[in-house]
Amino acid sequence: MNGGGMIDFEIHRNPQPVTATEREALLVNPGFGRVFTDHMATIRYVEGKGWYDARIEPRAPIPMDPATAVLHYAQEIFEGLKAYRRADGQLGLFRADANARRFVESAKRMAMAPLPEELFLDSIRQLVDVDRDWTPSSPEASLYLRPFQIASEVFLGVRPAREYLYVLIASPVGPYFSGGLKPVTLWVSDEYTRAAPGGTGAAKCGGNYAAGLAAQAQAMELGCDQVVYLDAVHRRFIDELGGMNIFFVGRDGNLVTPELNGSILPGITRSSIMTLARAQGRDVSERPVSIEEWREGARSGEIVETFACGTAAVLTPIGVVKSAEGEFTLGDGGTGPVTEGLRQSLVDIQYGRAPDNYGWTTVI
Ligand code: PLP
Ligand code: COI
């Protein structure tokens, strides 16, 4: 069936799954993005027919003709979300509907056929169900889900492809940063920008990340964990990090985050933190924050904490910021109480330890 209509997944179970003993060993300390489950979901699209051939099948390489469009012009989008093991053993998804919507928005920006949201959600539910034993139960661990869509047409002309392949893989993960929940150090890139007005900054497309790798490599060479980008026009206002949004905490306990200016990713964690902070009685504003305001605020004590947030990074405190103009420290360089309190409220909902007043979680 095509278009917005639902199609059923054919389930082809892996005849040679990883043994339970091996799996348990892999789940002890999975790191981030290195261990994968036994299955994947795939769905195909061809213009005129729509989405078809939905499958859950053994995880395997994807054979590709060397002239496949994605390999040349990077027509690709992805998402990132997690399934969390709850105390009763059940699994919870967090705001998967928001990922489904953002996937559609990213597809439109990249001139790709949008995958109907229900089909996206169905693929997630089916794969998590088949591979549920791969969800770790240790604290801070989860099953990271990576849906992506590529232009699969074999064609070298530059125009939107007429064929697409959607794939969903799953990876048991621990904390994104190897130091766990320790504060990270950022490098303010003065050489590179991430996204310009009219560009693809608000889409979750692979090309944004490819373009950021030189900046990330530079940050790491300079002893930093992540790069933070300034806006492409004024080279003054904080956009976001390579893979996370950013929040500033004022002396009064209120929060500021850069507004969605079309050049930053509309993070689902960002939106959740805004809701949770307001529920704690904090004021949250979305507005431009310049590097000078941040630096001066850190020095004067006007800004007491800064944290990064995203699905992979959860809430990660920022300790030190380095730039060509020197470095500054947020607070005492440790994890501040506002960051810690918001992180706790968020993960308590994600792991089902606190009531979900917002309808964010779905139990599978
Ligand atoms: N910004 C970028 C560039 C990202 O890659 C991510 C991660 O997905 C985020 C922000 C945070 O988004 P979310 O909270 O939806 O994971
Ligand atoms: C995520 O948080 O899901 C991302 O895609 C960001 C990346 C740094 C792993």
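This is a predicted model: local features need pLDDT of at least 70, side-chain atom pairs count only at pLDDT 80 or more; totals for chains, interfaces and linings use all residues.
Good morning. Helix H5 gives the most to the lining of the largest pocket, contributing seven residues.

Let me describe the pocket itself. The volume of the largest pocket is about 940 Å³, and 41 residues line it. Those nearest its centre are Arg-146, Tyr-176, Tyr-209, Gly-242 and Gly-243. Two or more residues of this lining come from each of strand E4 (76–78), strand E7 (142–151), strand E8 (163–173), helix H5 (206–221), strand E10 (226–230), strand E11 (238–241), helix H6 and strand E15. By class, the lining of the largest pocket comprises 18 nonpolar, 15 polar and eight charged residues.

Where does ligand 1 sit? Ligand 1 is placed in the largest pocket. There are 16 residues around ligand 1, and Tyr-209, Glu-240, Ile-268, Thr-269 and Thr-311 come nearest. In this shell, five residues are nonpolar, seven are polar and four are charged.

For Tyr-209, an N or O atom of the side chain is 2.5 Å from an oxygen atom of ligand 1. For Thr-311, the corresponding side-chain distance to an oxygen atom of ligand 1 is 2.6 Å. For Lys-204, a side-chain N or O atom is 2.8 Å from an oxygen atom of ligand 1. On its own, ligand 1 has 380 Å² of accessible area, and the protein covers 96% of that area. Helix H6 (268–279) and strand E15 (303–310) are the elements that give two or more residues to the shell around ligand 1.

Now to the second ligand. Which space does ligand 2 take? The answer is the largest pocket. Around ligand 2 we find Phe-78, Gly-80, Tyr-144, Arg-146, Tyr-176, Lys-204, Gly-243, Thr-311 and Ala-312. Four of these shell residues are nonpolar, three are polar and two are charged.

A polar atom in the side chain of Tyr-144 is 2.6 Å from an oxygen atom of ligand 2. Lys-204, listed above with ligand 1, also has a polar side-chain atom 2.8 Å from an oxygen atom of ligand 2. From Ala-312, a backbone N or O atom lies 2.8 Å from an oxygen atom of ligand 2. The protein covers 89% of the 280 Å² of accessible area that ligand 2 has on its own.

How many cavities of 30 Å³ or more does the model contain? The count is three. The largest cavity has a volume of about 130 Å³. Its lining consists of Gly-80, Leu-81, Lys-82, Tyr-84, Phe-94, Asn-99, Ile-268, Thr-269, Gly-310, Thr-311, Val-314 and Gln-350. Strand E5 (81–85) and helix H6 each supply at least two residues of that lining, and E5 gives the most, with three. By class, the lining of the largest cavity has five nonpolar residues, six polar residues and one charged residue.

How values were computed. Residues are numbered from 1 along each chain as its sequence is written. Chains are lettered from A and ligands numbered from 1 in the order in which they are written. Side-chain values use heavy atoms; hydrogens and water are left out. A residue is near a molecule or strand if one of its heavy atoms lies within 4 Å of it. A polar contact is a pair of N or O atoms within 3.5 Å; within protein, one must be able to donate a hydrogen and the other to accept it, and residues adjacent in sequence count only if both atoms are side-chain atoms. Accessible areas come from the Shrake-Rupley method with a 1.4 Å probe; for residues, only the protein chains shown count as cover. On a 1 Å grid over the protein atoms alone, a cavity is a set of points where a 1.4 Å probe fits but cannot get out, and a pocket is an open set with protein on both sides within 12 Å along at least five of seven lines; lining residues have an atom within 4 Å of a point. A molecule sits in a cavity or pocket if more than half of its atoms lie within 2 Å of its grid points. Helices (H or I, at least four residues) and strands (E, at least two) are DSSP runs, numbered from the N terminus. Ala, Val, Leu, Ile, Met, Phe, Trp, Tyr, Cys and Pro count as nonpolar, Asp, Glu, Lys and Arg as charged, and the others, Gly among them, as polar. Grid points are joined across faces, edges and corners, and a volume is the space filled by probe spheres set on the points.
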